[in-house]
Amino acid sequence: MATASPPVATVGLVVRGLSALDGRPVAVHVRDGVITAVDRIASLPTDAADCFVSPGLIDNQVNGYAGVSFTTGSGPLTVAGVLTATRALWSVGVTSYLPTL
């Protein structure tokens with residue numbers, strides 16, 4: 001006899017900031033890692049007054065980042081190095097990149 005699985009928890013998040021398109025305040029609703037809505041709002045909380053909301057950036061030529069070189073100049077490239085560079089790029093808004101090897 002099979003037992004019922006517990007319900008899957010859904011995680012909701014609202015990110016508020018200025019739209020990179022026109023500088024007006026928006027609220028981005030995210031559920032389970034998926035954007036579900038983008039709404040115009042009247043104003044921003046003071047802790048979000050200088051935050052911008054925009055699509056992620058794509059860099060089509062990255063020779064290296066965060067002290068990690070994708071070329072042969074600084075030693076062998078490792079998985080740990082790629083993860084370090086990737087996480088650092090994510091932290092500045094680059095969501096995808098093409099490493100130059």
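1. Start with the largest pocket: about 320 Å³ of space lies in it. Keep in mind that this is a predicted model. The lining has 15 residues. Closest to the centre of the pocket are Val 28, Ile 35, Val 53, Ser 54 and Pro 55.

2. Which strands each supply at least two residues of that lining? They are strand E1 (12-19), strand E2 (25-31), strand E3 (34-40) and strand E4 (52-53). Sorted by class, the lining holds 12 nonpolar, two polar and one charged residues.

3. Now look at the aromatic rings. Searching the whole structure turns up one aromatic pair. The partners are Phe 70 and Tyr 97, with ring centres 5.9 Å apart. Their planes meet at 5°, so the pair is stacked; the cut-off for stacking is under 30 degrees.

4. Is Phe 70 buried or exposed? Phe 70 has a relative accessible area of 5%, so it is buried. The limit for buried is under 20%.

5. Finish with Ser 69, in strand E7 (residues 68-69). Ser 69 has 19% relative accessibility, so this residue also counts as buried. The side chain of Ser 69 makes a polar contact with the side chain of Thr 71, at 2.8 Å.

Definitions and conventions
Residues are numbered from 1 along each chain as its sequence is written. This is a predicted model: local features need pLDDT of at least 70, side-chain atom pairs count only at pLDDT 80 or more; totals for chains, interfaces and linings use all residues. Side-chain values use heavy atoms; hydrogens and water are left out. Helices (H or I, at least four residues) and strands (E, at least two) are DSSP runs, numbered from the N terminus. Buried means under 20% relative accessible area, exposed over 50%, partly exposed in between (1.4 Å probe, protein chains only). A polar contact is a pair of N or O atoms within 3.5 Å; within protein, one must be able to donate a hydrogen and the other to accept it, and residues adjacent in sequence count only if both atoms are side-chain atoms. Rings of Phe, Tyr and Trp (its six-membered ring) pair if their centres lie within 6.5 Å; planes under 30 degrees apart count as stacked, over 60 as edge-to-face and the rest as tilted. On a 1 Å grid over the protein atoms alone, a cavity is a set of points where a 1.4 Å probe fits but cannot get out, and a pocket is an open set with protein on both sides within 12 Å along at least five of seven lines; lining residues have an atom within 4 Å of a point. Grid points are joined across faces, edges and corners, and a volume is the space filled by probe spheres set on the points. Ala, Val, Leu, Ile, Met, Phe, Trp, Tyr, Cys and Pro count as nonpolar, Asp, Glu, Lys and Arg as charged, and the others, Gly among them, as polar.
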